[in-house]
Amino acid sequence: MTRSVVLLLVAWPLALGAQAAGDTTITARGIVQSKGLFLPSPLLVRGVRIGWLDFDGDTHGITTYENRLVEATGTLRFRTDTAGAVIADLVDPRAKERDPSGMVRRDVQLSFTQRAVVTLAVEPSRFAWRDSSSRASGVRPMLLFTLVNHGDVPIQMSFPRYEVICVRVRAVETGGAGRSDTSWTVLMPGVRNISLVMRQRFQEIVELPPRAAPTAGRYRARVELCSGSTYGADVFFDVTR
C-alpha cells in the first residue's frame, strides 16, 4: 500500500522572452509526480526560478519512481502553451533515486514477529525562505515519511476521524525562532484503516508551511502515524533566512 499527499504543484511564471531559445542539459533534484518533477528547491535558470518541470520525450522508467526523491538529468527546453505562458520541460529524463539529505532511519521492533523501518527527512534540510535581496526564494520544503513492514505479521491501524499523519515542528534554538511550536494533522477522508503486510510501504509527503518555521534557526520535526506514535521519527532542519 503506497499513498502520498497530493501536492499543489505550481510552476513559477517564466518571462524569458528572447532568452527562451536554446536547450541546456541539466541535473535536478526533485520528487517525481505523475507527469513531471517537483523541485522543493527551485532551479535558477537565466535569472528565473523554476519549481516544476514537465516530462517530455522518452520517459521510459522514470514513472517507476512515483513519489520518490530522484536526481534527474535531461534536456531543459522551454515552450509556450495555448495561453502564451512559458513552460519548462525536462526532455528524455533519466533518474536515479536518492536518499534525502539528513534522512533519519528508525528500526522499530515490537516483538519477534513485529518489525518495521521508519524513515523521515526534510528536503531540503537547510534552506532560506528569502534570498539575499529579501525576495521570496520559492523554496517549498517537504517532509518525507515512510513506513515499511519487515515483520511476519501485518501492521494494522485504524483512524476513526481520518487523522492519519500527525506533525509537530519546534524551534530548538532561541535565535530568531523564539518559542515556535506548531502542530497539525493530515486528514485523509475515506481512510479508516491501514494494513501493511511484509515489505509493503506506506509513505507520505507533507509540505512544511512557512508558519511552522517562520524565522532563522534550528528546528526539530516529528512525524508519526496518529494512531501509533511508535511509528514515528524526529529530524532536524535549519532555516537560514
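Before the sheet, a term I need: two strands count as paired if DSSP finds at least two bridges between them. I also remind myself that this is a predicted model.

**Sheet.** I looked up Arg126 and found it opposite Asp238 in strand 16. Strand 8 and strand 16 run parallel where they pair, over 2 bridges. I then traced the open sheet that holds them: 5 strands in the order 8-16-15-11-12, with mixed pairing. The edges are strand 8 (126-127) and strand 12 (181-187); each has a single partner strand, so one side of each has no neighbour in the sheet.

**Cores.** Next I checked the largest nonpolar core, which has 38 residues. Which members touch the most others in it? Leu147 and Phe237 do. Strand 16 (residues 228-239) gives this core its largest share, 5 residues.

Rolling a probe the size of a water molecule over the atoms shows where empty space is left. I got 1 cavity of 30 Å³ or more, and the largest cavity comes to about 40 Å³. I noted its lining: Val108, Leu110, Thr113, Gln114, Arg115, Ala116, Asn149, Val153, Ile155 and Tyr231. By class that lining is 6 nonpolar, 3 polar and 1 charged.

For open space, I took the largest pocket, with a volume of about 360 Å³. I see 22 residues lining it, and Glu97, Met103, Thr119, Thr146 and Arg201 lie nearest its centre. Strand 7 (115-123), strand 9 (142-149) and strand 14 each give two or more residues to the lining. How does the lining of the largest pocket divide by class? I have it as 10 nonpolar, 5 polar and 7 charged.

**Gln200.** Last stop: I found Gln200 in the loop between strand 13 (193-196) and strand 14 (201-207). Buried, exposed or partly exposed? Gln200 has 25% relative accessibility, so I put it down as partly exposed; the buried class stops under 20% and the exposed class starts over 50%. I also checked Gln200 against His150: they are 50 residues apart in sequence, and their C-alpha atoms are 8.3 Å apart in space.

Conventions:
Residues are numbered from 1 along each chain as its sequence is written. This is a predicted model: local features need pLDDT of at least 70, side-chain atom pairs count only at pLDDT 80 or more; totals for chains, interfaces and linings use all residues. Side-chain values use heavy atoms; hydrogens and water are left out. A nonpolar core is a set of buried Ala, Val, Leu, Ile, Met, Phe, Trp, Tyr and Cys residues joined through side-chain atoms within 4.5 Å. Buried means under 20% relative accessible area, exposed over 50%, partly exposed in between (1.4 Å probe, protein chains only). Helices (H or I, at least four residues) and strands (E, at least two) are DSSP runs, numbered from the N terminus. On a 1 Å grid over the protein atoms alone, a cavity is a set of points where a 1.4 Å probe fits but cannot get out, and a pocket is an open set with protein on both sides within 12 Å along at least five of seven lines; lining residues have an atom within 4 Å of a point. Grid points are joined across faces, edges and corners, and a volume is the space filled by probe spheres set on the points. Ala, Val, Leu, Ile, Met, Phe, Trp, Tyr, Cys and Pro count as nonpolar, Asp, Glu, Lys and Arg as charged, and the others, Gly among them, as polar.
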